[in-house]
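I opened the model to look up its sheet, some of its helices and a few single residues. My notes are below.

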Amino acid sequence: MVVDADPQGSTLRWSSLAEWSIPTISLPVKNLHTRLSGITPADIDLVLIDSPPLDEHAGIVYSLLRVADAAIITAAPTMIEWERLPIVWNAIDEVESLRDSPLRHTVLLNRTVPRANSTEVYRSAIEDAGHDVLTATIPRRESFAQSFGAPITDVGAYWAAADEIALWKDA
């Protein structure tokens, strides 16, 4: 199931336009952590939550950080994205006392340029700051950027990221 927790609702609109077979709901609320279990069908074993930007909707983000099993923080290898990461890590730290167990989190570098030095420079900086970075990276692809509302059948590097995340269950 996909939960669109971003008030702009782009994930819900995309799922409708592309006729996703995956159930998708809108739940951009500050008490998501209390409402999600009551609306998730029993046969659903994975819930993906699309988060709004922290700086615009902190209440929603803090609520989903309370209920999530894992957080995948997407960031492009740029200075502006690097500068926003400590704010996200601080939010994760702030909700730790409200959780039953620590939130597993990692950074997924996206919008990368093949063979550009920036990817490894920012990977090293994130790791040097004590945080995990997935080995898989997501290259900048025009087909993704221009595909809103259309089904995407070739997800490319996202498979590698999904496979890496799936290994967390065994770790």
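The entries that follow go by topic.

**Ground rules.** I am working from a predicted model, in which local features need pLDDT of at least 70, side-chain atom pairs count only at pLDDT 80 or more, and totals for chains, interfaces and linings use all residues. Residues are numbered from 1 along each chain as its sequence is written, and side-chain values use heavy atoms, with hydrogens and water left out. For the elements I took DSSP runs, numbered from the N terminus: helices are H or I with at least four residues, strands are E with at least two.

**Sheet.** I looked up the strand order and found an open sheet of three strands, β4-β5-β6, with parallel pairing; two strands pair if DSSP finds at least two bridges between them. The edges are β4 (70-75) and β6 (138-139); each has a single partner strand, so one side of each lacks a neighbour in the sheet. I then checked β4 against β5 (residues 104-112), and the two pair in the parallel sense over six bridges. In that pairing I found A75 opposite L109 of β5.

**Helix α1.** I listed the buried residues of α1 (residues 10-17) and got S10, T11 and S15. Buried means under 20% relative accessible area, exposed over 50%, and partly exposed in between, with a 1.4 Å probe and protein chains only. Viewed down the axis of α1, the buried residues fall within an arc of 135°, so they line one face of the helix; the arc is that of the directions from the helix axis to the C-beta atoms. On the other side of α1 I noted S16 and L17 as exposed. The buried residues pack against β1 (2-4), β2 (24-26) and β3 (48-50), where contact means heavy atoms within 4.5 Å. After α1 comes E19, which has a positive phi, near 55°.

**T11.** I took T11 from α1 for a closer look. T11 counts as buried because its relative accessibility is 13%. With neighbours within four places in sequence left aside, T11 contacts V2, D4, W20, T24 and D50.

**α2 and α3.** I compared the axes of α2 (residues 32-39) and α3 (residues 58-67): they come within 8 Å and cross at roughly 55°. Axes are lines fitted to C-alpha atoms, for helices over the stretch in contact, and angles run from 0 to 180 degrees between N-to-C directions. The two helices, α2 and α3, are therefore oblique to each other; angles under 35 degrees count as roughly parallel, over 145 as roughly antiparallel, 65 to 115 as roughly perpendicular and the rest as oblique. L32, H33 and L36 of α2 make the contact with S63, L64, R66 and V67 of α3.

**I73.** I went back to β4 for I73. I73 is buried, at a relative accessible area of 7%. Its contacts, neighbours within four places in sequence aside, are R84, L85, V88, W89, I92, H105, T106, V107 and L108. I also looked up the pair I73 and V133, which are 60 residues apart in sequence and 9.2 Å apart from C-alpha to C-alpha.

**I165.** Last, I looked at I165 in α7 (residues 158-166). I165 is partly exposed, with 26% relative accessible area. Neighbours within four places in sequence aside, I165 contacts I72 and L134. I found 9.2 Å between the C-alpha atoms of I165 and T106, which are 59 residues apart along the chain.
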